[in-house]
Amino acid sequence: MTRILAIGDVHTEHVALAATLARFAHTVDRVFCVGDIVDGALGLSGASECVRILRRHSIETVAGNHERWWLCGHARHDAEALPVGALDDDALEWIATRPRFITLDTSVGRSIVAHGFGVDDMACVEATSLPDEATQHPEWLRMRAGKFALHIGGHSHRPGVRWVSDGVALSGHDGTTFLNAGTLHRGHSPCACVIDTERRTVEWHPIDGERFGTPRVGRW
């Protein structure tokens, strides 16, 4: 596998989600969503439609911190928070059964898709992160043990790429590239993220409604 569409934090943006899939899904080998589907400007109708779209297209989706919060009734005071129990039982069951991470093999080696940093959905490695911020986090042990060459995530809504190493080569694994897919949230510079592991490039295509602008390209 060489090409991946990584859908960043969704936050009820069903129009951008549908447009992203229509524009890019047929051009890639695999599609993932990094979570945070509920809670957003479009409320219940947006969340319901996002779940419907993701299920209809069988998009491999991991849970974000907003799914966890919604399921346990936490952080419901925000204006964009979805009320507990607002979605129907089918949508509830689907959200409740989303995994915290997905592993896959790519042309750069073993890879992982998660919302934040491994199973920590409140942490992430960003383009500006110091290496120690990653290597001293408990989830770095998962990167080491799994020999993950690539980590695809979101959470911060800030697209970027960062390679991290602790300086010790272990069984052929000497570091992990962290790619942040960004977000579809209308207030946070929404974009679609297309990764080419063969060329080691990532494109973040800005979204304006259903239209896409000139992508920003990153390399690793």
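This is a predicted model: local features need pLDDT of at least 70, side-chain atom pairs count only at pLDDT 80 or more; totals for chains, interfaces and linings use all residues.
Residues are numbered from 1 along each chain as its sequence is written, and side-chain values use heavy atoms, leaving out hydrogens and water. Local features need pLDDT of at least 70 and side-chain atom pairs count only at pLDDT 80 or more, while totals for chains, interfaces and linings use all residues.

**View 1. β1 teams up with β2.** Strands β1 (residues 3–7) and β2 (residues 30–33) pair in the parallel sense over four bridges. Two strands pair if DSSP finds at least two bridges between them; strands (E, at least two residues) and helices (H or I, at least four) are DSSP runs, numbered from the N terminus. Look for Leu-5, standing opposite Val-31 in β2. From β1, the chain goes through helix α1 (residues 14–24) to β2, a right-handed β-α-β crossover (with the strands pointing away from you, the path from the first strand over the helix to the second runs clockwise).

**View 2. β2 meets β3.** With β3 (residues 60–61), β2 pairs in the parallel sense over two bridges. Cys-33 has Thr-61 in β3 as its bridge partner. To get from β2 to β3, the chain passes through helix α2 (residues 43–56), and this β-α-β crossover is right-handed.

**View 3. Where α3 touches α4.** Here Glu-67, Trp-70 and Leu-71 of α3 meet Leu-92, Ile-95 and Ala-96 of α4, contact meaning heavy atoms within 4.5 Å. By class, that's five nonpolar, no polar and one charged residues (Ala, Val, Leu, Ile, Met, Phe, Trp, Tyr, Cys and Pro count as nonpolar, Asp, Glu, Lys and Arg as charged, and the others, Gly among them, as polar).
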